[in-house]
Amino acid sequence: MDPTQPMHKKRSSFWHGATPLALATMAACFYSMSAAAADSRTWEQLEKAGEDQFFNAEYGDAERSLKQAVITGAALGEHDMRFAKSLGELGHLYTVRGRFSEAEPLLEEEFHIKQAVMGANNINILPDMGAMIHFYLSHGTVSKAEPMTEALIALVEGRLKEERVAKQGTVTLKPGQPLTAWAGTAAVAVRNPLLDWAITCDSLGDSYRIRGKFDLAERLYRDSLDIKTTIFGPNHLSLANSYDNLGTLCLDKNQDAEAEDYYRDSMEMTAKILSRENSQVFSRLDKLAKCLIKEKKYSQAEQLYLEAQDFWQSKPSRNGSEARAKYALGSLYIEEKKYTEAAPVLQQALRRAEEYYGGDSISLVPYLQRYADALFNLGKSGETNQLRQRASTIAGAGTVQ
């Protein structure tokens, strides 16, 4: 074909030489492409409308838009991620509206499409598995949660084993040996996905712990700890969060000595990394102290709370930690029946709380009541009644009997 010829002659020559079958095939392709583009634009419009209406609590309109988006998305292909997105959004809408039986099959179909596209053994599916498990536990068919959780744990532990072997060769674990024995670190490129795994494991661990499924909770918490060690090494603040979770789990199981060890590790690691003015330091100290109190180790708990009184000498906490620290120490004194020591500390706690919360805040009620308890045991009934009346007025409960 002569490149010097006008373009329209080239086109006419091209079409003139095509067979009828070729022309029909090309026309069908052009039509299909045009229809697909139209379907895609329609889906985008419907999906955006539905999401905006959902955000603005226009639930009836959102449902209608998202149903149409699902229908249009299905036309794009059964494994098209846009179809999955619309299914998930409609499922979330039904969940918010309490229509759980309608939400479940939509969310399941969304998950299955993602799994088909990404691959059943693709570790990046983990957050979606976690979301599905949370739905089953909170709103759906509970019996479906544990099998999926086992699959999730197998996926995580399998990938961690691969990381471990890649770093130091084949490792043979003895039965019951914790995964935390390995302290390798992952390459930078895989850090973000790994952190998503840890967040998912911790979140599911919380859900199972609350439901009394302690074995599953422990496995998830330990896997999360191993993931964090893989990412950051053995001296990162995120590990303190895992020790904290394991301590709470042990406390729920009445394994107080083990809980104390975890809480102590959590507090000491946090104190090494953060300044003592940081609220996380006192929060972890408080958990350890409360564990010690449960074990009747009052003197050790008292020493911790006394140390905390000096945390904010250089500058205020700006989050009410001073009041909480004094309240905790005063409450411990009452537990020990040291009412003379308790009263002035609880008075200071109340003043700090008033400075932080304001004089009429509902948050003052426990401070007023605890200070009143100390004064009552010191025989100061007049001041006790005033404090209790004030607490009752703030709480809106009328006169204290």
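What is the mean pLDDT of the protein, and what share of its residues reach 70 or more?

## Model confidence

This is a predicted model. The mean pLDDT of the protein is 85, with 82% of its residues at 70 or more. Over residues 1–15, however, the pLDDT is below 50, and the model gives this stretch 9 contacts beyond near neighbours in sequence. Residues 170–191 likewise have pLDDT under 50, and here the model has 35 contacts beyond four places in sequence. Where pLDDT is low, the predicted coordinates should not be read in detail.

## Overall architecture

The protein contains 17 helices and 0 strands. Of its 401 residues, 41% are buried. Among contacts with a separation of 6 or more, 57% are between residues 24 or more positions apart. The accessible surface comes to about 21,300 Å², and carbon and sulfur atoms contribute 52% of that area.

The largest nonpolar core has 98 residues; Ile133, Leu152, Tyr208, Ile227, Phe282, Leu285 and Tyr305 are the members that touch the most others. Beyond four places in sequence, Leu285 touches Met267, Leu304, Tyr305, Ala308 and Phe311.

Ile133 belongs to the buried residues of helix α6, which also include Leu126, Met129, Gly130, Met132, Phe135, Tyr136 and Leu137. Helix α6 covers residues 126–138, and its 13 residues reach 18 Å from first to last C-alpha, close to the 18 Å expected.

## Salt bridges

The structure holds 30 salt bridges. In one of them, glutamate 104 pairs with lysine 144, with the closest N and O atoms 3.1 Å apart. This pair links distant parts of the chain, 40 residues apart: glutamate 104 lies in helix α5 and lysine 144 in the loop between α6 and α7. Glutamate 104 counts as buried because its relative accessible area is 9%, under the 20% cut-off. Lysine 144, at 33% relative accessibility, is partly exposed.

Helix α10 takes part in two further pairs. Aspartate 252 forms a salt bridge with arginine 209 at a closest N and O separation of 2.7 Å, linking α10 to helix α8 across 43 residues of sequence. Aspartate 252 is partly exposed at 36% relative accessibility, whereas arginine 209 is buried at 17%. Aspartate 244 is buried at 6% relative accessibility, and arginine 284 is buried at 8%. Elsewhere, salt bridges with shared partners join Glu63, Lys67, Arg99 and Glu102 into one network.

Key: Residues numbered from 1 in each chain as written. Predicted model: local features only at pLDDT ≥ 70, side-chain atom pairs only at ≥ 80, totals over all residues. Heavy atoms only, no water. pLDDT = per-residue confidence, 0-100. Contact = heavy atoms within 4.5 Å. Core = buried A, V, L, I, M, F, W, Y, C linked by side-chain atoms within 4.5 Å. Buried < 20%, exposed > 50% of the residue type's maximum accessible area, 1.4 Å probe, protein only. Helix = DSSP H or I, 4+ residues; strand = E, 2+ residues; numbered from the N terminus. Areas by Shrake-Rupley, 256 points an atom, 1.4 Å probe, with all protein chains shown as cover. Expected span 1.5 Å × (residues − 1). Salt bridge = Lys/Arg side-chain N within 4 Å of Asp/Glu carboxyl O.
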